[in-house]
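Subject: Structure handover

Hello,

Here is the structure I said I would pass on. Please open it next to this message and follow along.

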Amino acid sequence: MTKRLAALFSATSLLVFSATSCGLVEMRDATSEILTKEETAAPTLQQAERYSEVETKPLQKAETLAETKTETAVPETETRISLAAAGGVIIDEAICKDAASRAVEGKEFSFLTMYSSLYPLVHNADMAMATLHSPAADRDVYGLSTDVYTNMPAESLTALMELGFDVANAAGTGRLVCGAEALRSTIENVSESGMLQIGAYKDDIDAGDIRLMEKDGVVVAFVALTENKNTDTNGLVMYDLTDYAAVSSMITYADLVSDIVVVSVTWDNGTGSAIRAEQKAAAQTIAEAGADIIIGSDGSGLQTAEWLTTEDGTRTFTAYSLGNLMATGSDAAGVLGGLLTVDITADENGAVALDNVTIHPIVKHYEADMTGYQAVQFSQYSEELAAVHGSGSLSMDAMQSVINEIIPAEFLPRNDG
């Protein structure tokens, strides 16, 4: 990548920033607190003492925690920012009930502690993106998740925002049972939560407004695509991956007005870890159009990651699927997801590069009675927890084998590979 930051100033005059995209979005200083070992938290998780530091003391500002981390030394002439991205969030009926059972006085749900193991990864990132695979529509109209379809309460969006997610991709909700109007309601609720909403847009004007975030002079564009979208969108706009002309045009424009282009793709897979030829071809097209990072999700599990090389020699990092961040899984492959972290560097000449690209394996834990839901870093998981997992058939060795088979060692944390 040899884009120069100076090019931004000549290009931004082409883009009309709206309140929806926030133009250059000021980074949030979240100060919410996670309860210290909630009374209703899963006893097994407490006994195993596998909680991350965040669960034993209140949340601190990202700046404070960052001081305790060992980071790569940054030359004085180099700017370095960090990005985190997660797979799909599927809040089904069991997860809703568990969140309700954890609620403290004055609250109806408590979702935030389900993600506390991930706090250092997400909250310390300068920018973080999640993908919604459940609608978050008006529950007075659509109700909450049942055994037929999912619809998560607005409190689950608030939890993601308080955890540190800045961007939510709603493209993964477009094909679900609730329909187009539920998707419209989801768009509104995501925006009200304080997160930047991508993936589904109110109209053509809204869809043409590229979502941008800026940190320390580095501008990142977020674009979302979906494969085989629901044709009945009732006026809403979603970018269908198969419309190569429109997709390429949008990504090329995003490339013009930013330093880094992040493209989130919701695949129509259901094929597990296998990569389809159509995925490979689509990813290459996206890379050729100007994407720097491609982040996929499909709701069925983890898929591999690789560097793609374009015709001009540029390299694009591609994680074909990060699986799910929160969901109910039933086997070693189904309970695993991934959380991507990457550093973006810009030198004094404006040359931009990716560094420290890492996929952190995540275990979606729950117990036999469908309680104790927790997204736990694999490095913090244990045989004791695996033995009581609700799927009934987990082991650390089995999960490690799946991780090693799918994710190349170069992208794994040293203690997970």
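Below is what turned up, from the whole chain down to single residues.

Please keep in mind that this is a predicted model. The protein chain has 417 residues, and 57% of them count as buried. It holds 13 helices and 14 strands. Take the contacts with a separation of 6 or more: 73% of them are between residues 24 or more positions apart.

**Cores**

The largest nonpolar core has 77 residues. Phe 222, Leu 225, Ile 251, Ile 293, Phe 317 and Met 399 have the most contacts inside it. Strand S6 gives the most to this core, with eight residues. There is also a second, separate core of 39 residues. Ala 99, Ala 136, Ala 159 and Leu 163 are among its members. As background, nonpolar side chains tend to be buried together in soluble globular proteins.

Leaving aside residues up to four places away in sequence, Leu 225 touches Val 247, Met 250 and Ile 251, among others. Its other contacts include Tyr 239, Leu 241, Val 263 and Ile 286.

**Helix H10**

H10 covers residues 244–256, 13 residues in total. From first C-alpha to last it reaches 18 Å, close to the 18 Å expected at 1.5 Å a residue. Which residues of H10 are buried? They are Val 247, Met 250, Ile 251 and Ala 254. Down the axis of H10, the buried residues fall within an arc of 95 degrees, so they line one face of the helix. The general rule is that an α-helix has 3.6 residues a turn, so residues three or four places apart point the same way. The cover over the buried residues of H10 includes strand S6 (218–226), strand S7 (260–266) and helix H11 (277–289).

**Aromatic rings**

How many aromatic pairs does a search of the whole structure find? It finds five. In one of them, Phe 317 and Phe 411 have ring centres 5.0 Å apart and planes at 70 degrees, so the pair is edge-to-face. This pair links distant parts of the chain, 94 residues apart. Phe 317 is in strand S10 (residues 315–319), while Phe 411 is in the segment after helix H13 (396–406). Both partners are under the 20% cut-off for buried: Phe 317 has a relative accessible area of 1%, and Phe 411 is at 2%.

Tyr 366 and Tyr 373 form a stacked pair. Their centres are 5.1 Å apart, with 15 degrees between the planes. Tyr 366 and Tyr 373 are buried as well.

Ring pairs also link Trp 307, Phe 317 and Phe 411 into a cluster. Arg 315 lies over the face of Trp 307, at 4.2 Å from the ring centre.

**Positive phi**

Two residues to check in the backbone are Asn 356 and Met 370. Each is a residue other than glycine with a positive phi. For Asn 356, phi is near 50 degrees. Asn 356 is found in strand S13 (residues 352–365). Is Asn 356 buried or partly exposed? It is partly exposed, with a relative accessible area of 35%.

For Met 370, phi is near 60 degrees. Met 370 is in the loop between S13 and strand S14 (374–377). Met 370 is partly exposed too, at 33% relative accessible area.

Best wishes

Definitions and conventions
Residues numbered from 1 in each chain as written. Predicted model: local features only at pLDDT ≥ 70, side-chain atom pairs only at ≥ 80, totals over all residues. Heavy atoms only, no water. Helix = DSSP H or I, 4+ residues; strand = E, 2+ residues; numbered from the N terminus. Expected span 1.5 Å × (residues − 1). Buried < 20%, exposed > 50% of the residue type's maximum accessible area, 1.4 Å probe, protein only. Arc of directions from axis to C-beta. Contact = heavy atoms within 4.5 Å. Core = buried A, V, L, I, M, F, W, Y, C linked by side-chain atoms within 4.5 Å. Phe/Tyr/Trp six-rings, centres within 6.5 Å; stacked < 30°, edge-to-face > 60°. Lys NZ or Arg CZ within 6 Å of the ring centre and 35° of its normal.
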